[in-house]
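Have the coordinates open as you read.

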Amino acid sequence: MGAELGRVLAERPAPAGAIDAARMRRERYARLHAEMARHGVEVALLLHGPHVAYASGLPVQAVDVTHAIFERPVAIVVAGEDRPHLLGDDIGPALDVERHAAAWPELDEGAAALARLLAEVAGPLAGRRVAVDEQTGAMLRAGVLDGATVVDASHLLGAARLTKTPDELACIAEAQRRNEQAMLAVQHLARPGATRSEVAGAFLARLCDLDLDAGAGAGAGAGTGGNLIDPIFQPMPRTVADGPRTTTGNVAFPTGVGDPTLAEGDLVWVDTGIEHLGYASDYGRTWVVGRDPSRPERQLFERWCEVMVSVLDVLGPGVTGGDLCRAAEAANDGARPWLPHFYLAHGLGLDSAEMPLVGTDLGPEFDDGLVMAPGMVVVLEPVIWADRVGGYRAEEVVAVTEDGWCHLGGGHPYAPFTL
Amino acid sequence: MTTSATTPTTAGDAELRAARRDRVFAAMATTRLDVLVLGRRDSVAYATGARSLWTAGTRPFGAACVLVARPRSTHVLSTWDAGVPPEVPFGHLYGITWNPATMAASLAAIPGLPEARRLGVDALSPGFERAAHRLAPGAELVPADDVLRAARAVKLPAEVDRVRAAVAVAAAGVEAATAALAADATPGEARAAAVVAAAAQGVTVPSSAPVVQVVDRASSLIHVDIGLLVDGYEGGLGRTVALPGGGSDARSAGVVVAQRRLLDACRPTATARDLRAAAGGATRWMVRGSGMGFEPPVVTHTLGERAVVEQGMVLSVEVEVEGLRRRDLALVGADATHVF
C-alpha cells in the first residue's frame with residue numbers, strides 16, 4: 001500500500017506555472033468585493049494579518065503576536081473603489097493600494113486617528129453595514145464603529161478564501177517545496193542526544209539559506225521564507241497514559257512546550273510551516289531516532305498509507321467532507337484515524353489551518369454539507385495510533401481540481417519508513 | 001524520550017506566576033471587573049503562566065483564558081495539561097474546539113461567568129461579542145487591554161532577571177551574525193548564524209523580525225538587530241558596527257552619544273515632550289515598552305502624547321543617526337537608566 005501511495009501522489013503533480021503576484025492581488029480583491037456585495041457590506045475594516053494580506057497583498061510578518069498587533073498594518077476596503085486603503089509604514093512600491101500612515105490601533109491616539117481616517121475615506125459610518133474582524137480595546141474606547149451595523153468580516157474573508165486561485169496554489173506549492181527541502185537537510189540531525197532546539201535551529205538556519213538561494217534576500221518575514229510556527233519535533237509516548245493528561249482522553253499534540261532531548265528509538269512527530277508571499281506550507285512526518293522502524297511501527301505506517309490511498313481515491317469536486325471521513329474510517333476498521341481535537345483534513349492558505357475543516361467537532365452534518373470544489377486546499381493528516389506501539393502521523397497537501405486533485409509540494413520521502 | 005531540564009531562568013517560576021496573577025486580579029478588583037476574558041497569547045501567559053505553541057502573527061480573537069474574580073478562579077483553553085502550571089486545576093481546562101456551540105457550553109459552565117455584571121476583554125471580535133451577550137446576559141463588555149497593560153508596565157524583580165537572560169541570548173545572536181559577516185558570510189548566512197547561536201541556548205522563537213544588513217560596503221558597516229523570546233520574555237539588541245579592517249567611522253560615536261542622551265531622558269515621570277527633546281539629533285528613533293514582547297508605552301516624534309515613563313519599566317530604546325542604528329533594552333531606575 002505504501003508503494004501505491006507513492007505512485008498515486010507522483011501521478012498528480014501540481015501544474016507548473018510562474019506566480020503572477022499582481023494578478024493574484026487583483027483576483028483576490030475582486031473576490032473580496034464580490035463577497036462584500038453579497039453581504040451588502042459597504043466598508044470592510046481589516047486587522048487580522050491574513051485578512052490584510054488578502055485584501056492588500058502585503059504579506060504577514062513572521063513575528064511574535066505582540067509585534068504583529070502593535071505594528072500591524074490595517075486595510076480598509078470601500079465598496080466600489082478599485083483599490084484598498086493600506087495603513088502601514090514602508091509599503092513596497094509593487095502594491096496597488098492607497099497608502100496611509102501606520103495606524104497603531106492598539107494605542108488610544110492611533111484608534112482616534114483611525115476613526116478620523118475611516119470617516120475621510122468612507123464617509124460617516126452611522127447606519128451602514130461595516131465588516132470588521134477584530135477591534136482593539138482602544139478602538140472600542142474611541143467608538144470607531146459607533147452607529148454602524150457591524151458585520152463579522154471573517155465570514156466574508158472565509159468565503160472569499162475558501163477556494164484558491166492558480167497563483168495562490170502556486171505560492172502554497174512553492175512554500176511546501178522549500179519547507180520539504182529544509183526538512184530533508186536537517187533530518188539527519190535528529191539523532192540520539194540532540195535537543196529539539198538544535199534540530200529546530202538547523203531548520204531555521206536552512207530557511208535563511210533557501211531564502212538567499214531563491215534570490216529574495218529580503219529576510220525572514222519580508223514576504224518569503226518566514227517561519228510561521230516554532231518547529232515541532234515532539235517525541236511521542238508509546239501509550240496515551242504516559243503522555244500529558246488531555247480533555248479528550250487521546251494523545252496530546254502539538255504541545256509546543258519544553259525542549260526534549262531525543263533518545264534512540266523515539267517516535268518523533270515533526271511539524272513545520274513556513275510561508276511564501278504569505279502563503280503557508282505544512283510539513284508533517286514521523287521520524288524514528290537512531291534506528292530503523294520496528295515491524296509494529298512499519299505496520300502503523302502501512303495503515304496510514306492505506307487511509308491516505310482510500311481518501312485520495314474518493315477526493316474530487318462534488319465529494320463531501322463526510323465522504324472523506326467515511327473513506328478514512330473504512331480503511332481503519334471503522335475507527336476514526338485522526339486526533340479528536342483536530343481533523344482528518346484542513347485547508348491551508350494565508351492561515352496555516354483554515355476552511356475546509358474536515359472531521360472536526362463541528363460534527364457529521366457539517367462534514368456532509370461541506371462540498372469539495374476546485375481550488376480548495378486539503379491537508380490530509382491522518383493519525384494511526386496503537387497503544388503500546390505508538391503513533392504514525394504525517395501530512396500531505398493536495399488541491400482539489402476539476403477532475404480530482406493534485407499534489408502540492410515536491411513529494412517528500414517518508415524516511416525512515418519506506419514506501 | 002526525556003523531558004527538558006529546568007533552565008536557570010525558570011527557577012522561581014511559581015512565585016513569579018503568583019505575583020503576576022495577584023497583579024491581574026488586583027487590577028480586576030480596582031476596575032470592578034467580575035470576569036476577564038483574554039485572547040492574546042502574551043496576556044494569557046502573563047495572567048496564568050500557561051505556555052503554548054508559538055505561532056507567528058495575529059490570531060483571530062477567541063476566549064483563550066477566563067479569569068473570574070469571585071470565586072477567584074483561572075480557566076485556560078487547552079486540550080492538555082502540558083505547559084499548564086499546577087495551580088490551574090485540570091478541571092479548569094477547556095479543550096480546543098472548532099464548534100462555537102461547544103465553546104459556548106464550556107464557557108457557560110465556568111462558575112461566576114453567567115452572573116458577571118462587568119466582563120473585560122483584551123480585544124473583541126464580532127463573534128465573541130454576540131456570544132458574550134448570550135453567555136452573560138447582564139454583563140457590560142469592557143475593553144480591559146489598558147487595565148492589563150497598566151498592571152504589566154512596571155516589572156517585578158524576577159521579570160527583570162528574565163529580561164536580562166533574554167537580552168544575553170539576543171546578544172549572542174548579534175555577536176554570531178557579526179562574526180559571520182566579519183568572516184565574509186553573506187547576510188543570509190549571518191542570519192543563519194544568529195539563529196543557530198540562539199538555538200544553542202534553547203531559543204527558537206523570535207519577537208521582532210531579525211535584521212542583518214550590509215549598510216555601507218565601502219566602510220564595512222553592517223547592521224544587526226535580533227529580538228527573541230526566552231521563556232516568554234523579550235530580549236533584544238541592535239547594532240550598526242564597522243567590521244574589522246573597515247576602519248573607524250565617526251558616525252559610530254554619534255549614534256552612541258545620541259542613544260545615551262535618549263536613555264538618560266528615560267527617567268521616571270518623563271513624557272513624550274522630554275524624550276522628543278532628547279532625541280533631537282536622531283533621524284529616526286523609538287522608545288517602547290518591552291516585557292512579554294512589545295508593550296506600551298510607545299513614544300516617537302508622532303506617538304505617545306499621554307505616555308509617562310515609570311520607574312521599573314523596561315524600555316527598548318532605539319535611535320538612528322546618519323544611517324547608523326543602535327537599540328538596547330534598559331531598566332528605568334530611580335536615578336539612572338540601566339542598559340541590560
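Predicted model: local features only at pLDDT ≥ 70, side-chain atom pairs only at ≥ 80, totals over all residues.

## Where the chains meet

On one side, 78 residues of chain A take part, and they touch 75 residues of chain B. Together the two chains bury about 6,000 Å², with 61% of that area on carbon and sulfur atoms.

Polar links are there too. Between chain A and chain B, 27 residue pairs are in polar contact, counting pairs with both residues at pLDDT 80 or more. The side of chain A that touches chain B draws at least two residues from each of these elements: helix 3 (49-56), helix 4 (65-70), helix 5 (108-122), helix 6 (137-142), helix 9 (196-213), strand 6 (135-136), strand 7 (149-152) and strand 9 (232-235). Helix 9 of chain A contributes the most, with 10 residues. Sorted by class, this side of chain A holds 37 nonpolar, 22 polar and 19 charged residues.

How many salt bridges cross the interface of chain A and chain B? The rule finds 7. One to look up in your viewer is between Asp64(A) and Arg41(B), whose side chains come to 2.9 Å, N to O.

Strand 6 of chain A pairs with strand 6 (residues 123-124) of chain B, running antiparallel over 2 bridges. Within that pairing, Thr136(A) has Ala123(B) as its bridge partner.

## The build of chain A

Turning to chain A by itself, you will find 12 helices and 20 strands. Its C-alpha trace spans about 70 × 45 × 45 Å along the principal axes.

## Backbone details worth a click

Two cis peptide bonds in chain A deserve a look when you check the backbone. The bond from Phe253(A) to Pro254(A) is cis, with omega near -10 degrees; Pro254(A) sits in the loop between strand 9 and strand 10 (267-272) of chain A. Met355(A) and Pro356(A) are also joined by a cis peptide bond, with omega about 5 degrees, and Pro356(A) belongs to strand 15 (residues 354-358) of chain A.

Finally, Asp90(A) has a positive phi, near 55 degrees, although this residue is not a glycine. You will find Asp90(A) in the loop between strand 3 (85-87) and strand 4 (98-100) of chain A.

How values were computed. Residues numbered from 1 in each chain as written. Chains lettered and ligands numbered in written order. Heavy atoms only, no water. Contact = heavy atoms within 4.5 Å. Buried area = accessible area lost by both parts, 1.4 Å probe. Salt bridge = Lys/Arg side-chain N within 4 Å of Asp/Glu carboxyl O. Polar contact = N/O pair within 3.5 Å; in protein donor to acceptor, adjacent residues only side chain to side chain. Helix = DSSP H or I, 4+ residues; strand = E, 2+ residues; numbered from the N terminus. Nonpolar A, V, L, I, M, F, W, Y, C, P; charged D, E, K, R; others polar. Pairing = 2+ DSSP bridges.
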